[in-house]
Amino acid sequence: MTRAKRSLTVLAGASLILAGACTDPAAVNNPDDPNRRAKRGAVLGGLFGAIGGALASDDKAKGALGGAVVGAGAGALIGNALDKQEAQLRRELGDDRVEIRNTGDRLIVTMPQDILFATDSFAVRPDLRDDLRVVAQSLRDYPDSTVQVIGHTDNTGEAAYNQRLSERRANAVADLLMEGGVAFGRIDAFGRGEDQPVASNLTPEGRARNRRVEIVILPEQRSAG
């Protein structure tokens, strides 16, 4: 058997084994299961681990299967930590204006700029500083991650002005997270201006949704065990 065919065989075998672990979709997709993303992370981590193992040792099936085990463990650890951090943030923020989205490999905390800043200002409102302190505390409780703070605007006004405003607002939020004890080296702040809308800019409601700051929490990949 050629090396290429052997690699494909190994990958197929590893993938089938992992697929067997999720033949029951409810096991990983039940919205009422607080550990659903940890389970999904284990499955996805296993698949990626299998691929990595196969590429590293394409002459032995154990290379892929070993990679699957390691990848599944790492994916489960990440998913479990994200589930716990999401629950903590929801419990301690208690602000339904703040959106928290768990994608399985990251948390995205979205704060509308209208609650963070006055019009044309990049000074964070005093009443929102407590919410950012809560986020900072959560980041300190879960230190194995990096953080992106991304500013967004609607398309009202000049694009260059919106870009500068989004950058200043992202930096203002990042500064408060660092004041809350988050290490400088974990945070990257930047603006996207009006370039990444999530709603139509043709309505006031859509423009309000587009004016936002996203705090993206990215867990560091670590091996299980």
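Of the 225 residues in the chain, 43% are buried, where buried means under 20% relative accessible area, exposed over 50% and partly exposed in between, with a 1.4 Å probe and protein chains only. This is a predicted model, in which local features need pLDDT of at least 70, side-chain atom pairs count only at pLDDT 80 or more, and totals for chains, interfaces and linings use all residues. Residues are numbered from 1 along each chain as its sequence is written, and side-chain values use heavy atoms, with hydrogens and water left out.

Confidence comes next. The pLDDT, the predictor's confidence in each residue from 0 to 100, averages 79 over the chain, and 64% of the residues score at least 70. Among the elements, β4 has the highest mean pLDDT (98) and helix α1 (residues 3–20) the lowest (47). The pLDDT is below 50 over residues 3–12, a stretch with 14 contacts in the model beyond near neighbours in sequence; contact means heavy atoms within 4.5 Å. Residues 14–23 are also below 50 in pLDDT, with 10 such contacts. Where pLDDT is low, the predicted coordinates should not be read in detail.

The chain has 8 helices and 5 strands, arranged along the sequence as α-α-α-α-β-β-α-α-β-α-β-α-β. Helices (H or I, at least four residues) and strands (E, at least two) are DSSP runs, numbered from the N terminus. Of the contacts between residues at least 6 apart in sequence, 70% join residues at least 24 apart.

The 5 strands form an open sheet of mixed pairing, in the order β1-β2-β5-β3-β4; two strands pair if DSSP finds at least two bridges between them. At the edges are β1 and β4 (187–191), each pairing on one side only. Neighbouring strands are turned by 15° against each other on average, direction ignored. Axes here are lines fitted to C-alpha atoms, for helices over the stretch in contact, and angles run from 0 to 180 degrees between N-to-C directions.

In β1 (residues 99–102), I100 and N102 make up the covered face, E99 and R101 the uncovered one.

Further along the sheet, β3 and β5 pair in the antiparallel sense over 8 bridges, and S145 has P219 in β5 as its bridge partner. Helix α7 packs on the sheet, touching β3, β4 and β5, and its direction makes about 160° with that of β4.

A nonpolar core is a set of buried Ala, Val, Leu, Ile, Met, Phe, Trp, Tyr and Cys residues joined through side-chain atoms within 4.5 Å. The largest has 32 residues, of which L116, V149, V173 and L177 touch the most other members. Elements giving two or more residues to this core include α4 (61–93), α6 (126–141), β3 (145–152) and α7 (159–179). Leaving aside neighbours within four places in sequence, the contacts of L177 include L132, V135, V149 and I215. Apart from this core lies another, of 5 residues, among them I108, I150, F190 and V216.

Finally, N210 lies in helix α8 (residues 204–210). N210 is buried, with a relative accessible area of 0%. Not counting residues up to four places away in sequence, N210 touches H152, T153, D154, P197, V198, A199, S200 and N201.
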